[in-house]
Every structure is written in structure tokens, then in C-alpha cells.
Amino acid sequence: MRPARDRQPEARLRARKYRYDVILRPVLCRPFIGRREELAYLHERRIEAAASHGAFVLVAGDAGIGKSRLIGEFSASLAYTRWRFATGACPEFGSRPYGPILEALARVDDRPFALGAAASKHEQAEAIVARFRDIAERRALVVVVEDLHWADAATLEFLAYFGERTQNARILTIASLRAAEVEIDRRAAALVAKIARVARAARIEVPPLHGTELRAFIDGALDEIELPDYTRRAVARLSEGNPFFVEELLKSAVEKHARTRKLASRAALTPDVSTTLRATLLDRLEPLSDDERRVVEQAAVIGRSFSLDLLVATLGTTAQAVLPALRRARDLQLIDELDSEQFRFRHVLTRDAIYDGFLSAEARAKHRTIAEILEQAPPESRALEALAYHWTLAGDAAQAARANESAGDAAARVYAHEDAIAFYERAAAQPGLDALRRGQILQKVADRHLILAANEEAMAAFVAAAELFRQAGATDREATCRARAAMTAYTMSLTDTTAPLHEALARIDPAERLARSRLHLAIAWINSALRRPAVALEELAQVDAASMQATDIAVRYYNVRSSVAVLSGDVGALHAAHASWLAAARELSTGAVIGVHYNGAKFFSGLGCHDEARAQIEAGLRLSREVRGRHAEECTQATAALCYVAAGDLRAARAALDAVPATTDNRVNLIFASAAGTLVAAYTGDDALAATWFDACEAAITPAPEIEAGAGFAELMVRRGRVRDAEALLHAALPDCETICGEVLTLLAVGRHGAAGDRRRARAYLERAALSAPGELVEAPALALFDAFEHRRAGRDAEAAQHARAAAEGFRRLRYPLLEAEARELAGEIASAAALYERCGATWHARRLGAQPETSPLSSREREVVAMAAGGLSNLEIAKQLGITYKTVEKHLTAAYRKLDMRSRRELRASAGELPGALR
């Protein structure tokens, strides 16, 4: 008789044989059990989508709960219909920005899509949406994105936009996710919440199976395979109704039952099915030979999904040698074949159980092999995200830093800024990097945060980068980051943030002229923003002339010069500085040129140069549309709205506001648009406009209001009986500074509604600007109107009327019709005031004074489109000029025809003489 130790290998071989015999009959529940209500709901949303009411459904649940099975059953039910399916999956790691979206698109569209070819993030997103909408025009479409909890930030943000843009398309979007994993990641949770909010997404929570459904599932999975009742009950209890757990535990139980029946007595069988699910999953590897196990384990290192080519290359073998092992793994229900070259572990838990079995040293070596193979791909097709992942886990800090930085650069090029930050931060965290390299990477992190308007994070990254550059002796780089940190800090606090810059100047060698010039310029910029022109000029004088050869320094220098010219009320100096600013920007970039145009418009408008301001707006819009820069156009339109209000053109201001989303994440645009929006709402009595720019924006604007926002917000507050709130707002909006020029609307609002102390301060600012300016500025008649308010408040009506008449004449000369109308009303010239209000489109005031302005049934955008159509422009030309789509033009024209009781463009042109009233 053999010793016991000699019998063990034989027993293991016999056990392996019996396991393989059993597993040839898959333990898999083929019938679809339960989930009938969830399936019916998906079909309801499909029917809505078929009628061009696009729908978005989030399918949520735990791992293994049956989300994919539900979606698969829904897909199978449409197999013989005209519906098409576009599916993409989010990998757990190595995800490229927009990867699942492009994967889904490729399944229904053979045309290549060049990600990053667009001029802006919005244009890129719109191009992808247009592809899907084009397909859905021919055949209704289901877009499925699986495992949303692993999605990159760019994909999550795009899906929110996609859901919004496909609400009138024949597209049903379904995304699966594990809610628990999303909640752990605050950024992902916020983006998923944005999807639900913007896309009005419905949500299905897939629950565990229970009762008769769970018993039916177990019966279906076993398909007449014998298993004792107590074992079935144990499986039901341990699985907690999770279908994947049920199947895995049943497989283990079936194999154990077969083994005990053949190798021992029935009495040896116990209801102890498995101590842990991971142990159960690893038990499933037992039927594999050592060579087969090596193939499966290598696949697990690559990831849940893996290609045959990469698996073969990393094993150093051939496809013929690997395929039998993959076939065996498929039969054992470990993997699924997606196509002839792509495979996937049936569940991520299976892959994780295998991968977690490696020692760290083993895993690192395997990741290095994979990374080295991936490096051999041509640069244009290299999988940068996968490279970054594998080099990181290979423990090679230098290669990991390089690969993650490259992946970050690639993400930044396609506007996936949050994903770029994640890659850059991983690169910067690698040990052994020198201070200069780490600083360069952190500066990229700061730049991305700034684009995302995450100012606090950007400032912290700039400061960290500056410290690293200081350690490395890279003085100019340090100065750049110190300057940007201080300027970013100013935008957050609106206070003097120059202390770190003065500290840096105190220790940086005077020979470092370029670095010192950057610091002086930043101090000058902050002081000009704080309305301290004298200090700003002192700092500008410290800028080294030779440093002006650096284009970015020249652009900033003339930017500050222009700002100081406005604060000084010097129109001639503004023209000269702005011309130099524009010339320097042309040497830098198109984006810089557009910035000069819209910032210049604000400056010119502040000094009453309305024609120059309009010319800058038109130039900015034209260039923005040429380069398809949506952000630049938004900035220009937000600025334009304020400029048009100042010029008394409320209709143009309203049209500009229509082009600025109320949900903009750009703080300056929000300030300008809400300031203009509340003023237009006050002048016109438009409740919808007040809801958009006052009610929805008050919480964001009023805690720290900029001076531009004071006039409109205070006026609407007073009309709603919130007099004390208006006083508090105006007090907060009125800065403590050297001088204020170009902000007469808010200074006059202080004169109307401010507290006594604030009125004294506001009058002092008006007087200082009026007396110190080299020419006549609007502050002079504004001072007269301000005094008229004070006389009226004191009951001195005759003096009030006298000052108001003087103010009206000054406003007439300087072309401020809305302020002229107010002054004439105060002077008792009611008819003249009403006519001016009517001419400007200030319908609330016109009605109040008894005039009956002709109103239009059309919206502002409809009026704009109708005017262009009546002028002979085609829909395509109108779309191009307004920066909207051809279909949007059609929609506006159709609505206008209905409201005007017309049927065609011919009728529109024939009635052109009757349109002016309708176009008001």
C-alpha cells in the first residue's frame, strides 16, 4: 500500500478529471428570471425615443446583480427590428478619454472620427453628437455604455451633454453603473448627478432576486443537475440573491457534490458551500493545466478585457499555442469571446480574484513585460493610457512618470482636462523625480485646473510648482508660477494678493530681469484690478524694456496700460494702449487676440466710446466663429450684453444674453451676463429674464458681488420690497479704492437705493473721475443726476429738476439714452423720457409713463432670424452668421411663421414693410 503522501497527486488528478466532466455542462441560468418591470420600463422609454423623444436611463446595482443581463435581454428583444445598438464599455483602468463613446460609435459608423481635430471642447462634443444623430435619422438607435463607475471624467461630462442634445432624437441611451462605487468618488458622483440632472435621466435600481424568483433562478442554472436541497438553500442564503454569486457558488457546489459522490460517501457532503466567494472563483481554476493557467493569469494582468495579439506577445508564443487555453477558459465560464481578437473575463470579480493571487514582485514583472510590448507600437497608435497604467504597476518610476505625463498631454489635447490632471498627478507622484521635472508637471496640473475654473486647486498647484522651481534654481519659471498664483488668488478674494510677489522680488537677483519683470507685471495687474492706477503705473515702470521681447509679457503690459487708461478716464491713452495690446496679441495666439477684442470692448464702453466697443465686439465674434471657439464667443457675448445696455440698445443686449448659457462655469461671464440680464429685466419688466439672471444667480453673485452686478440686482430687489437687501448688496459691491471710472450704472444705483455713507462714497468717486479726466466723461452728467437724487430726497424739487436737466443734456451729448430718459423724467419732461425709453426698448418704463410701445409676439432670437430671412439670407447663411445649427434656424422660422400667420419665406418678404413693429 502506498504512503498517504504518494496518493495525494492521484487524488488531485482524479478530482480535476471529475471537475472537468461536470463543468462541460455549464451552470448558467439561460432563462431570463425576474426583472419584468425593469424590462418593461426600458421598452416604454424605447417607444418614447422612437417618437423622437430621446431618453436616458441609468441602470444601477451591485456587482453581479444582473445589470448587463437586463440590458442584454432588452437588446435581444430588438434583434429583428430596425433598431441599431451602439455599445461601449468603460475599462477599470487604462481608459482613454471618450473611449467608450468612440467604441460605441465605431460599432454603428464605419467612418473614422479624429478626436481632437475640433477647435474647442464644445465643437468636439457636437461633432460626436452629430454623428449619432445622423445615424438615428435613418434608424432608431440604442447607445449602451457599461460600467459607468469606471468612466473617465471626459466620458461622464460628454454623456451629460449627449443626454441634453438628444432629447429630440430617436436615441435611447442606457448606462450601467455600481452606485456604491460612484458614491466613493466625489468627482464621479458629481458628474453622474450632472448626467441625471441635465439629461433628465431616469434610474432603474436592479434589486437582488428573492423568493420564487431566486428559486427559479437556481433551478434554471442547474438545469436538472442534481444538488441536495440543503445545498440549494445554502447557496440562496450565501449569495444574498446576487445572480452572479448564485452561479459561482452553484458551480462550486456541483463540482464538490460530484467529487464527494465519486470519491467518498454521501454522508461526507456538508452544506458548507464555500467560505468566501474568492475561494470559489479560484477553485474554478483547478481544471486548468499549468500551461493553461499561465495563459489565463497573464490575461488577468492585462485587464478584464484583453486582445489576442497582446496576450500572445507578452507570453512570447503564438496564437495557435494560446487559443486552446482560451477555449478551455471559455468552457469553464471564466472568459467570453467578444470577437476573433478580443476577449473579456466574464466578470471583473473573476479577473480580480486571479490577479490578487500574484505576489507583488510577480505582478511587477508581468506589468513590465506588457509595457515593453506596448512601447513597440508605432507612436501614432500607441495606447498611452494603458502604457501609463502598466509602467506605474511595474514600479519603474521614470517610465511611469514619462508615460503618465504623455497620457496627460494626450487627454489635454482632446479637452479631457480632468483626466489630464489625474495622469499628471500620477506622474508627479512618482519617486525620484528631480524638482525641475516635478515642477513642470505640476504647472501643467495648475493650467488644467485654471481652464476648469477650479481656482483654489489651480492656485495651490501654482504655488507648489513655484516652490519646486525655486529649489531647482529655475527663477523665471518660479516667477511665472508665483505671478499666476497671485492673480488667481485675486480672482477668488478680490483683495490684495501681492505679498508673495513682493517677497520673491526681495530675494531674486536683480540680474534676473525677465523673472522680475513678470513679478512687477503681476503686481501691476492686481493693483489695476483693485483700481489703484498710481501703484499700477509704478510697477509698470519697473518692467525691463528688453523683457518686452517676450510676447506674453508684452500682452500683459499693454493689458494693464489699457486698464490704467480707463481708470484715468484718458480716451487717447486707451486707444494707443489698446492698439499696442492688439499687435502684441497677434504675435501670441488667436485666442489672445479675441481676448483683446472683448476686453477692449468693455474698456471702450466704460469711457463712453460706444462705436469702438461695438466694433471690438463684432471683431471678437467674427474671429470666434472663424476658429469655432465657443468659449471665446461666450466671453464676447457676455461682455457685449453689458456694453449694449450702456449704449441703450436693450434689444441687442437681449440677443447677446441669449448666446450665454445661464449655467456657464466661467465666473466673469456669469457676472457680466447676470449684471446685464438683471438690468434688461428691470428695464423691460421681463419676468422670465429676471428668473434666469436674478433668481437663479443671486446665490452665486450676491455673497461677493462685483461692481458691475450692483445696479440690476439692487433694482430688482427694491421692486420686490427688499430695500435692506439692496442696500447691503450695494455696500458690498462698492469697492474701497483710489478711483472708479466707467461704472456709473452702479454708482447711480447707490445714489437711488444706497445707505447714506455709501452715497457719500459713490458721489466722491463720481466727482473725482469727472474732475480728473482729460475730457468729458459720463461721470460728469452722472454726478449731476446723483445730486438731483439727493435734492429730491431732501424735498428740494426745483434744485432736483435743474440738476436733472443738466444731466440730461450731458447724457444726450455722450449718447447714454437710458440715463438721459431717467434724467428727463426727473426733470419733469415725461413725454421725452417715455419716447427715449420706448426707443431703447425699455418697455416697463415706457408703460409706466403711459406710452404704449408696439410689442412683438416673437422671441428675440425669432426676431433676429426673421429679420435676416426677410433681408434675403438663406437658412445656411443665417446659421453661419448666428453660430447656430441649420435645424435651429428652421425651428425658429417655423415658430415665427405660426405666430405671424404666414406659411413661407415668400410671404415674409412680401410683408417686409409691415415687419418692423413685429421685430421690436
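**Salt bridges in close-up**

Figure 1. The side chains of Arg763 and Glu767 form a salt bridge, with 3.6 Å from N to O. The structure shown in every view is a predicted model. Arg763 is partly exposed at 26% relative accessibility, and Glu767 is partly exposed at 33%.

**Figure 2. Salt bridge between Arg165 and Glu126****.** The closest N and O atoms of this pair are 2.5 Å apart. Arg165 is part of helix α6 (residues 153-165) and Glu126 is part of helix α5 (residues 121-138), so the contact ties together parts that are 39 residues apart in sequence. Arg165 is partly exposed, with a relative accessible area of 26%. Glu126, at 17% relative accessibility, counts as buried, because the limit for buried is under 20%.

**Figure 3. Salt bridge between Arg346 and Glu247****.** The two side chains meet at 2.7 Å, N to O. This pair links distant parts of the chain, 99 residues apart: Arg346 lies in the loop between β8 (342-345) and α16 (348-355), and Glu247 lies in helix α11 (residues 243-263). Glu247 is buried, with a relative accessible area of 5%, whereas Arg346 is partly exposed at 21%. A search of the whole structure finds 61 salt bridges.

Notes
Residues are numbered from 1 along each chain as its sequence is written. This is a predicted model: local features need pLDDT of at least 70, side-chain atom pairs count only at pLDDT 80 or more; totals for chains, interfaces and linings use all residues. Side-chain values use heavy atoms; hydrogens and water are left out. A salt bridge is a side-chain nitrogen of Lys or Arg within 4 Å of a carboxyl oxygen of Asp or Glu. Helices (H or I, at least four residues) and strands (E, at least two) are DSSP runs, numbered from the N terminus. Buried means under 20% relative accessible area, exposed over 50%, partly exposed in between (1.4 Å probe, protein chains only).
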